[in-house]
Amino acid sequence: MEALAETKSVASLQTLPGDDIRQLLWRFADRFELQMLVQAARNVARGPVARLVAQGGRNSHEWTPDKAALLPHFDESGITAVFLDPEQGGFIAGPKNLALALVAFELAWVDAGAATCSLAGNLGLSPIHECGIPEQRAKYINAAAPVKPGEKRRQVRAAFALTEPIPFAGVETGMLAGKVRVAEWKQGCEPMLQVDKRGRFITNMGFANVVTAAVDSDDPRIKGSCMVILEEGDPGVWDRGTPTKKLVHQLSSTNDPVFNLRVPASRIVGGYTVKGGILIPNYSHSEIIEAVFRRTRVTVGLMTSAKLLSAIEPVILYQRRRFRGGAGTPGTPRFELGIQQKEDALHRLVDIWATGEASASLGFAAARLFDELDPLEKEKNQWLADKQLAGRVALKELAKKQQEALELLRINSRPVGEREHKRAEELQADPLVRFVTLDSLANVLCPACKLWNTGHGANMMREAVSLMGGYGITEDCPGFLGQKWMDAQLEATYEGPEAVQRLQLSITMTTELFRAQFEQWIVEMRRMASSRPGTGACTLATAMQLWLWTLQRVQTATDADGAKLYHKSRQGVTFPLADALCWLLAARQFIFDVVELAAKGGENPVLADNLAGTVSFFTDLCHVQSARAAGEVGRVCAELVHGYNRHPAWDETSCHACYAAEELQTLEGIIPGIDGSARAYADVSEIREPHPFKAGPCARFDGLEAFVRLRTKLDGCLTGCRLAKDRAAEALTKVMTREALDYPA
Amino acid sequence: MNTAYQIVVCAGIVPDPLQTLEPITSAAGPALKNEMMLPAILDPWAGHALYEAANLAKHKTGSKVWLVSLGPKAKLQQVMMTVAQKVPFELIALDGPASGFTDASETANALADAIVAIPGLDKSKLLVFGGWESASRGAGVTMQTVGERLGIVDQFQGVDELKVNADGSLEILERIEGGKHQISKCAGLPALLGWATGNLPEPKNNPQIGMVNMRTVMPALQKAKPTRLAGEGLLFASVTLPKQLRETKIVKDKPTDDIAREIVEWITK
């Protein structure tokens, strides 16, 4: 057994984690194209982007020439082309979710507005990439590749126009003010459409020349909603509008545009069919949005992770150097450690670091999952097309595959000797079974990453800012922490705010297939705890058990008034459970990543000197994060399980089990010890008091014994978590840092 | 006259200068604390040589650039993730120490052996480039020794500019004292140039170049020849970092001429 258990003398963290460590943690040690991409994006982030931020380039709403000068850097470094396949002018073959996630991470390490600027172009083209017909892909996606020397063409720079001025499309994406009508439909000719759309908060609109706009039909000859491709130069009004007066992400261009354009129906994303004189788009706008956002939201989540991890070094440097001016003497603790002499400052930094790691682990795991899912999804689509299945019939077929996936999970949960191997192999070989399994995970991991990384991440960024004192809220704070804190709030909002993610989770986390996998994860965590006892895996397993118990309970229970607890309108129940799940998922993935580092790190000779120390430190961070997650889960679950029961009052019904002190005195002669026992287990009214001074008799746990046992167990599982935190904190006082950050402030 | 050059650039790797560099004494002699863990970069002086080589090759059809680098294989790989995106080259990797505390003579021998082993090497087309200095402990003799070992007698150090004349001869600007350059003419090849800073900016990363280079970089790393530098007879009496000096003075309304004079006095004292 390879134990990572806490011991008295463990190797200590020597340097901050470098690329070798990150490549192992996030599983791209064997992909040199991604390693090159990271270096290219980092060069841009810590070069031109950082210089622009340091020069005050963020201090305007307008799309300035200085901001526009970043676009050629994105083009030349390959950032723009990451999204493209090699035949389209890109350089990475296959799915690109992890690649885009890494770019977002690197750019957001310095400025998330720059990340948004680079990625919004991909977002604008994503509807065409995901749902477009081949002609649309060929025309627009190929043209998004940076123009090569000697080439004469206009590079497509795209924007995605969904959000509209209040009260239309935003949180409720189904409510569209943007309209499409048939302008002209000559016999035997392609219909011409009139598109009327006002956008709000549209990224890249200061310079985009192609827009994919969500619109609803305003004409009985067009069915439902769709997305339409608009080009600068189309006849009509193409007004970029005024810059949005946003306070954050100032290196991205954001405008409130107005379009009133005439375009051919071939611009409908994904094409259309005509039945009975009605033009029917092949994809509604919501179908396209779902396909697009479920991928791009992960990259947004990772932007906040990057901010948290980027804050570690500036905070350490600040803490250590805080008292080095004036009369400080080198070699004294005050001079060498500065604020790091104080436990609180260290503990808070440990929390920030642990959150950053866990959120990055969750985000990159989600990105990798989508990389695995993408080809399977294509296979699924092909399979459905071959069988000519669509709509409900298709869903019915997929439901059968879900049952088969459940069967496979059941087989795999049995002891090895009792498994039906032949059947398991058969099911494992079925790409559709694999698809529905991974799809059920993606439907949870994507919103979880977007929700937790950004929401809780924003809270922790505030903590990071606070650790820099007054410096934290100045423009010249090293690492731009103040700006990053503000920016995190936008990441929590755009591409679907927190409520949207919670709503999605409240549905997807209750599917049978996800729950079956979650049950297996609990067993897996216990096994992990056995081989890696210092990681907090056991704590996490108990927290997962408690969460699952609570979910099952609230799905069937009612409140004190008999109303159902788990209902889509009862967000006081569903949303906190969604929040709690995110904590578990992030901590779980962090543990997996650290175990991977421990297992594979030895293969890299560069890590030989520091692997043990790094693994030991990360193990303690895992423990800290698991304990924090367990605390959150315990709190949420206890509130939900007990909180909807009415507290007993001093009434006839509740008081029938109470004792009077006089009565007990009398009985003490007959039943010795009854006075003490009664006071321990029931409420006792003292002489001349109607009842004890409290809200009512203590609540009883009838029917909740299992929950109470689990909750008590969970509290006990926190044993040792603060020792881990102390060790991690001590490591922060010793770790070697750079002399200066590698980007200006 | 268009000459197709064979340009071999010798380039080592050094710790990122932003890192805390703390000399320690290890079992194998002087080293830097956590040296293996520190992010590395291509030695900036050699980097200039590489960019000049690539620029020359770009303008002389049929030319080719090799990058010969001695360093721990895994660290070389990390550095290549950036360098390989800059300019086209073929890597020849030698798996050995990249510390600033190796013997320059041994390093030069290893580099020269690797150059000699390049298939199809034609000395009449050969230009050997390298850094005149180094960002680690610059012994100042490595490139000269490489040239000696290869039998190259036309050597130029502190080069800032190389022009190819119409007749194929080379015009070379070398740094000399007093901020001046010495202009030399070199009638023919082979020649060795130890570059100062040159005149070219660092090329931007280009992933397309990177992907092409990686076709040879990864195999080269996989078959990197283990290179042992014995360091026999080499003794370091002491190792210290250059002293950091900070003298801050706050002045107000002082004429710029006075400030300049004071700075000159401070530098020359």
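My entries follow, one topic at a time.

**Ground rules.** I'm working with a predicted model, where local features need pLDDT of at least 70, side-chain atom pairs count only at pLDDT 80 or more, and totals for chains, interfaces and linings use all residues. Residues are numbered from 1 along each chain as its sequence is written, while chains are lettered from A and ligands numbered from 1 in the order in which they are written.

**Confidence.** I checked pLDDT, the predictor's confidence in each residue from 0 to 100. Chain A has a mean of 94, with 98% of its residues at 70 or more. Residues 1-8 of chain A fall below 50, and this stretch has 15 contacts in the model beyond near neighbours in sequence. Contact here means that the C-beta atoms of two residues, placed from the backbone, lie within 7 Å.

**Chain B overall.** I found six helices and 13 strands in chain B. These are DSSP runs numbered from the N terminus: H or I with at least four residues for helices, E with at least two for strands. How compact is chain B? Its radius of gyration is 20 Å, close to the 18 Å that the globule rule gives for 269 residues, so chain B is as compact as a globular protein of that length. (The radius is taken over C-alpha atoms, and the rule is 2.2 Å times the number of residues to the power 0.38.) The C-alpha atoms fill a box of roughly 65 × 50 × 40 Å along the principal axes. Of contacts in chain B between residues at least 6 apart in sequence, 78% join residues at least 24 apart.

**Where the chains meet.** I see 29 residues from chain A and 26 residues from chain B in the contact. On chain A's side, α1 (19-25), α2 (32-54) and α4 (70-77) each supply at least two residues. The largest share, eight residues, comes from α2(A).

**Cores.** I looked up the largest nonpolar core, which has 281 residues; A:Val228, A:Leu584 and B:Val9 have the most contacts inside it. Such a core is a set of buried Ala, Val, Leu, Ile, Met, Phe, Trp, Tyr and Cys residues joined through C-beta atoms within 7 Å. Buried means that 20 or more other C-beta atoms lie within 10 Å of a residue's own, with C-beta atoms placed from the backbone. Leaving out residues up to four places away in sequence, B:Val9 touches residues including B:Ala46, B:Leu50, B:Trp66 and B:Phe129.

**One helix.** In α15 (residues 498-508) of chain A, the buried residues include A:Val500, A:Arg502 and A:Leu505. The buried residues of α15(A) pack against α13 (431-467), α16 (512-531) and α18 (571-600) of chain A.

Terms used: Buried ≥ 20, exposed ≤ 12 C-beta atoms within 10 Å, placed from the backbone.
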